[in-house]
Amino acid sequence: MAHLTNKDFTSDQEVKWCPGCGDYAILRAMQKALPQLERNKEDFVFVSGIGCSSRFPYYMNTYGFHTIHGRAPAFATGVKLANPKLSVWQITGDGDALAIGGNHFIHALRRNIDINILLFNNEIYGLTKGQFSPTSKKGIKTKSNPHGTTDEPFSPSDLAIGAQGSFFARVVDTNPKLMQKIFLEAEEHRGTSLIEILQNCVIFNDKTFAPITAKEVKQEAQLIVEDGKAMLFGAENNKGLILNGFKIEVVTIGENGITEKDILVHNAKEEDPTLHAMLARMRPPEFPAALGIIRAVNRPTFDEGLLAQLEYEKENAKFKTVDELLNSGDTWEIEG
Amino acid sequence: MDKTTKVVDLEKVVIKFAGDSGDGMQLTGSQFTDTSALLGNDLATFPDFPAEIRAPQGTVAGVSGFQIHIGRIDINTPGDIADVLVAMNPAALKANKKSIKKGGTIIVNIDSFTKRDLEKAGYENSPLEDNSFEGYNIIEAPITKLTRETLKDSGLDGKSVGRSKNMFALGIVYWMFNRPMEQTEQFLKKKFEKKPEVVEANIKVMHAGYNFADTIEALPSSYTVLSANLRKGTYRNVMGNQATAWGFLAAAERANKELFLGSYPITPASDILHELAKHKNLGVKTFQAEDEIAGICSAIGASFTGSLAITTTSGPGLALKGEALGLAIMTELPLVVVDVQRGGPSTGLPTKTEQSDLFQALYGRNGESPAVILASSTPANCFDWAYMASKITLEHNTPVVLLSDGYLGNGAEPWNIKSTKDMPSITPNIATEGEEYLPYKRDDRTLSRKLALPGTKGMEHRLGGLEKEDITGNVSYDGDNHEKMCRIREEKINRIANIIPKQEVFGKEKGDLLVVGWGGTHGSLYSAVEKLQKEGLNISLSQFNYINPLPKNTAEILNNFKKIVVCELNNGQFVNYLRMKNQGVIFNQYNKLQGLPFTTSELEDYFKTLLKN
């Protein structure tokens, strides 16, 4: 295997996102992460739908398919089923995945087909120039709702967990290291890995994630969870989460008799998704936003199931060739 | 059995089984079909069932029918109208009043002609007692009573006993047409392998029906239809949807490709999915997607990755697949879309046939987006057209829409079994590792681009729905390039006319009247034209399977006739397509939109009128 670098994954096409767009950081993180997988370049396929994020495959020097709006999970499913050895990545946005493509999105998660979905969530429609999206905060004023939206936004993590998703991670576009780490873990995970990337649209929804990502607040507003580790955060890493009844509460070590032992330890592998859903819903100012791998459980994958059936049927088949099938059942001879 | 009754030798006969949709008429009909096929009859069948799985019992809406035409001579249609009707209740009789020949034989289950049954069917008085069916040979068989009597010691519950009634009717018809019962006995033993008591009951009831027919004097004579004069070979029965599935299996094997089907259930196309799903042993991957769109999109994904990829649907589903089909055209990937047409628009008539989607297949997409359009024309040749669709799509790397219809898909006929070795070879157009690869560089002759499959070293490239730059395949918004690419995509389809056979004419190459049809109307048009030819009329038929592109000699054929009539089960889609392609030629048209095939008699009458004027 040739040792690859980020340059090997960079295509010759000019990148055309707006200057300052969060997508650049995601692209760079991906180009840096893939060489670490030590796989052949020809084994990667990037599939996307429509939207700003969906231009991503053009900039990756891998096999790529820029398809139609909302349907990328179905294309990616076809690619994976046709050749299960490939590493398949779906790039999508909040409009593509959760509005027009909502149905395919939940069904991919339900089946747990072994693909990785990168959801670029910027809470706005970029390519169609600034309409609200299914994740836009309620009340936001846009061209298509100048008086403020009356829509409740979707929560991608709740959709994923509701659809029995086996892997959910969240990251911000300002944390390239964490992005790389999560991309690698997502590829390791067998099943549909959903990565929600809070991505800034510098033109139509600038700073929508500032309460989470701004330098001056991020230490208090982000909790990076790690499997098997206590969920601590804050500038002095002395704040943590506890369960109080059925609710999560933020506490400070040393106050009210709280010690590090009282802090919840993250278990991404727990099959019961209740706590994962609660963690993923946390938002400032009351809570820090949870980042990192929130859920990663083992569940049979759709592609493995289908392949196992094929193998079994091939071994136990009555017919090995099409001709045998055509001549099976009731036949009769006509003499000329 | 010793037969003292007169046996009448028939050339052909049409039998229709009709009853409640829960009465097992489809099974009864298909059993009669299989037995007749094994005796060497030529045949054609047509199931006619309601859209509702179980409409209210005893009502006309709930009547399910199965028509079979068997003969010693060449049979091309399921028959216009039945010689023998089996009516399990008054509703079945009412629904089929028009489909039984004057003076024909009607076997009724007289036990289901109570006041209540009559009311449900909308009869005030029994049609058997007024003169509604005067002149018909009515056989009143107490089927329910005798079935119960036969099974009184079987230990079966009332419901199971009731379900066996259809076997009594089948026994009667087996006797009438001198058929042996062994085939059905074998079938029952296999079907109810785990329920020997059900097997025994069904066989007993069938024999009871057979003996009943032998005993009563109501049956004036029994009939026999001798073997047809079919060509030498090994035969089996096939249904159109089954043959379509098998054509794809054969093509995948010959092309050395995995077969991938991405589909969503829809009447009347689902049987193709069911058939292929059975054959995982042959390496077929079937994917029942979450909707029609995901069906086609998964197929395109699999095609990009190197499978022979297909998607199956009917009219409403084709509408949903339109955008994705456009992507396959833009990315020039192989894909076969099978549309088993049904009555439209909207949900329309799901279980009835119509040549509804020709325009949709030709034009139902945004932009200039030409696709190859093929049409099957008999249940058995669905095999050949599925194979040809695969060959064209893999060799030319362009999507093909294959039009079948409900009548073909559910119809059955004997098939002289083909060997995959006898089918033409298929050479997919794919780049091999090591060669210089430019995604949109083309073959000079066919204009087909080469595919490079993911996993092939050194050929990483990106495809997509944005306009492609000629040769490189990079995204291009350049106007001149766009025009050029639109023309190339069109020309690529047109050049397929160079490799397809010439359009044929049945009858004289020149003459007074040319009947033109396409797809599934072949049987009825052929039968009508053949009959008139025998009467000495100057009439020929040309049935089209290649719709886009049309065979090269199409205009030449059209110009050789004084009159042309294009017959279609729609409001004139093919005729208008031909008008557009053949300006100046005058076309007559004959259209029917009743969800039913043409009858040969209506066609004969119309052709005679045209020839007179």
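## Chain contact, sheet, cores and domains in a predicted model

User: How many residues does the contact take from chain A and from chain B?

Analyst: This is a predicted model, and two residues are in contact if their C-beta atoms, placed from the backbone, lie within 7 Å. By that criterion, the contact draws on both chains, with 52 residues from chain A and 58 residues from chain B.

User: Which element gives the largest share of the side of chain A that touches chain B?

Analyst: Helices and strands of chain A each supplying at least two residues to that side include α2 (56–59), β2 (63–66), α3 (72–82) and α11 (302–315). By class, the side of chain A that touches chain B divides into 22 nonpolar, 19 polar and eleven charged residues. Its largest share, eight residues, comes from α3(A).

User: Which residue of β17(B) is the bridge partner of A:H66?

Analyst: Strand β2(A) pairs with strand β17 (residues 462–464) of chain B in the parallel sense, over three bridges. Within β17(B), the bridge partner of A:H66 is B:G464.

User: Which strands stand at the edges of the six-stranded open sheet of chain B?

Analyst: The sheet has mixed pairing and runs in the order β3-β4-β2-β5-β6-β7 (chain B). Two of its strands have a single partner strand each, so one side of each is left without a neighbour in the sheet, and these edge strands are β3 (42–48) and β7 (137–141) of chain B.

User: In β6(B), what is the bridge partner of B:A87?

Analyst: Strand β5 (residues 82–87) of chain B pairs with strand β6 (residues 100–109) of chain B in the parallel sense, over five bridges. In β6(B), the residue bridged to B:A87 is B:V108.

User: Which residues of chain A does B:L249 touch, leaving out residues up to four places away in sequence?

Analyst: In the largest nonpolar core, of 190 residues, B:L249 is one of those that touch the most other members. With residues up to four places away in sequence not counted, B:L249 touches B:L259, B:H279, B:L282 and B:V284 in chain B, and in chain A it touches A:V322 and A:L325.

User: Which helix provides the largest share of the side of domain 2 of chain B that touches domain 3 of chain B?

Analyst: The domain assignment places domain 2 at 236–420 and domain 3 at 429–499 of chain B, and 24 Å separate their centres, taken over C-alpha atoms. Their contact takes 16 residues from domain 2 and 15 residues from domain 3. On the domain 2 side, α12 (315–331) and α14 (382–396) of chain B each supply at least two residues, and the largest share, four residues, comes from α12(B).

How values were computed: Residues numbered from 1 in each chain as written. Chains lettered and ligands numbered in written order. Predicted model: local features only at pLDDT ≥ 70, side-chain atom pairs only at ≥ 80, totals over all residues. Nonpolar A, V, L, I, M, F, W, Y, C, P; charged D, E, K, R; others polar. Pairing = 2+ DSSP bridges. Core = buried A, V, L, I, M, F, W, Y, C linked by C-beta atoms within 7 Å. Buried ≥ 20, exposed ≤ 12 C-beta atoms within 10 Å, placed from the backbone. Domains from an automatic or database assignment.
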